[in-house]
Amino acid sequence: MSAPLLAANISAGYAGGPDVLRDFELTIEPGEIAGLVGESGSGKSTVAMALLRLLDYRGGRVRGNVWFRDRDLMALPQREMRAIRGKEIALVMQSPQASLNPAMRIGAQIRECWRAHNRRADECPDPLELFAMVNLPGEPEFLNRYPRQLSVGQAQRVLIAMAILHRPALLIADEPSSALDAVTAQEVLNLLSRLRQQLGMSILYISHDLLSVASFCDRVSILREGQIVETGAPESLFTAPKHPYTRRLLSAIPQPRFLPTMA
Amino acid sequence: MTLSSKIAAVILVLILAGSITAGFFPAMSYARQHREATGAPASLRFPLGTDDLGRDRFARLLSATRFSLLLAAAASAGALVLAFFLGGAAGYYGGWCDRCIVRAIDLMLSVPWLLLLLAARALLPLNTPPALTLAVTYALLAALGWASPARVIRAGVQHLRSAEFILRARAEGCGEARVLLRHVLPNLKPVLTAQFWTAVPVFILSEANLGFLGLSAGEPFPTWGSLLRELQNPLLLRPEAFAPAAAIAITLLCFRMVTPWGGSQV
């Protein structure tokens, strides 16, 4: 068996408070879609920020190790960590409109994303080709729009386009569909699944929605109060949940009266 | 933009354009003396009369308008640069850097800065070249006027620092300089613009105060403030001597009307 792409064992918290993540352990295999499910406040977004060492900017702290391609990210100097962010590990955040710079046109944001790791702006891939990959309009006029002129779904696709610009080995998607309607959310999941196949990248998909995670991920971890309580294939979690909290999550899935029960 | 704002903007443009254009006509020189007509009343040749040295008051008023408006704008820009670096650093880095700069801002705002200006300006030797006195006066205004905009900029940067798109820029791999220049600064543009337009009238009035007390530009440079000094001489108190005061009042009123916040922050 090959070495995992990422193996983390961390504890993390915010200034003046107890740890939000306690001995949190996670491994992600190359090319795998790993799911992380937990209720609000369980520390899901903290995981995303801690893995990229972004927690400092939110007044947080992280201890432990994050092994990624034989390097411990926690021990890297800031300069080397910056070279990894976006280029090798990309992040898609949960608020699409708020995650785009309101003062910058979409085309400029794509170029800016490129310039973060490349000196030459003229070598930036054609944004319209990138947009075609994420089902965004192919008209050059779209590049001149500001974020406020996009729908939430379009903004989320722009964020995904920016995240795959450097062909990262790992994409962390922090509740990318939480702000979207059911149809658009499913389209985004299909898109991520297709991009994984096209680009061969791994995805850490973080969500509170167990159903969407199970339909999309190869392996699912259940997060409760900052700790992983159970990990397994979606089928085994649904058919034979071991931990009481997993059973609680399964029983909380809304079920229309006219459908057979799921758990 | 309302009709009154548009009219105010047109008046401001006319005042500025007229004062700049006048600088290209040798006949409109602010230093030229008409010794045959010292202290002359208003006439067709001299619409505002002449001063006690025989200089055309209208030509001097136009030049003063040019100096006062352009230098107040330059001082405002200078103050804003200082405010951006200091307020921006306080808001962006937080911690001890923020605490030190906030204390400095509080100190600057609690000092009676007109008195400070008077003291600093009065320290200049009497033989200082006139152009230097002009530059020093406005440099002092910029050096003392940064505190108020710095506080607003600090608040703006603090808000931006915790914005999602800034965190995404960092997750993209942007360094500190790139985050500041490409993501923070463009989003501060409305704040900087508002602070600029707020500071210009404040600096015009401050210079007028200094000039009235004889502590602005040295002779022969005319500024609105230095022209107001004539009002101290009761022998020269003719209606046309109030023209600089009228120019200041009209310009400040136009500034208040043309800015979207109506000058309420001035």
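**Strands β3 and β9 of chain A pair in the parallel sense.** In this predicted model, β3 (residues 33-37) and β9 (residues 219-224) of chain A are joined over four bridges; strands count as paired if DSSP finds at least two bridges between them. Strands (E, at least two residues) and helices (H or I, at least four residues) are DSSP runs, numbered from the N terminus. Opposite Gly35(A) stands Val220(A), in β9(A).

**Six strands of chain A form an open sheet with mixed pairing.** The order is β6-β7-β8-β3-β9-β10. At the edges lie β6 (89-92) and β10 (227-232) of chain A, each pairing on one side only. From one strand to the next the twist averages 20°.

**Helix α1 of chain A packs on the sheet.** The helix (residues 44-51) touches β3, β6, β7 (170-174), β8 (202-207) and β9 of chain A, where contact requires C-beta atoms, placed from the backbone, within 7 Å. The direction of α1(A) makes about 150° with that of β7(A); axes are lines fitted to C-alpha atoms, for helices over the stretch in contact, and angles run from 0 to 180 degrees between N-to-C directions.

**Chain B meets chain A through 16 residues of chain B and 22 residues of chain A.** On the chain B side, α7 (164-172) and α8 (176-212) each supply at least two residues, and the largest share, seven residues, comes from α7(B).

Residues are numbered from 1 along each chain as its sequence is written, and chains are lettered from A and ligands numbered from 1 in the order in which they are written. For this predicted model, local features need pLDDT of at least 70 and side-chain atom pairs count only at pLDDT 80 or more, whereas totals for chains, interfaces and linings use all residues.

How values were computed:
Contact = placed C-beta atoms within 7 Å.
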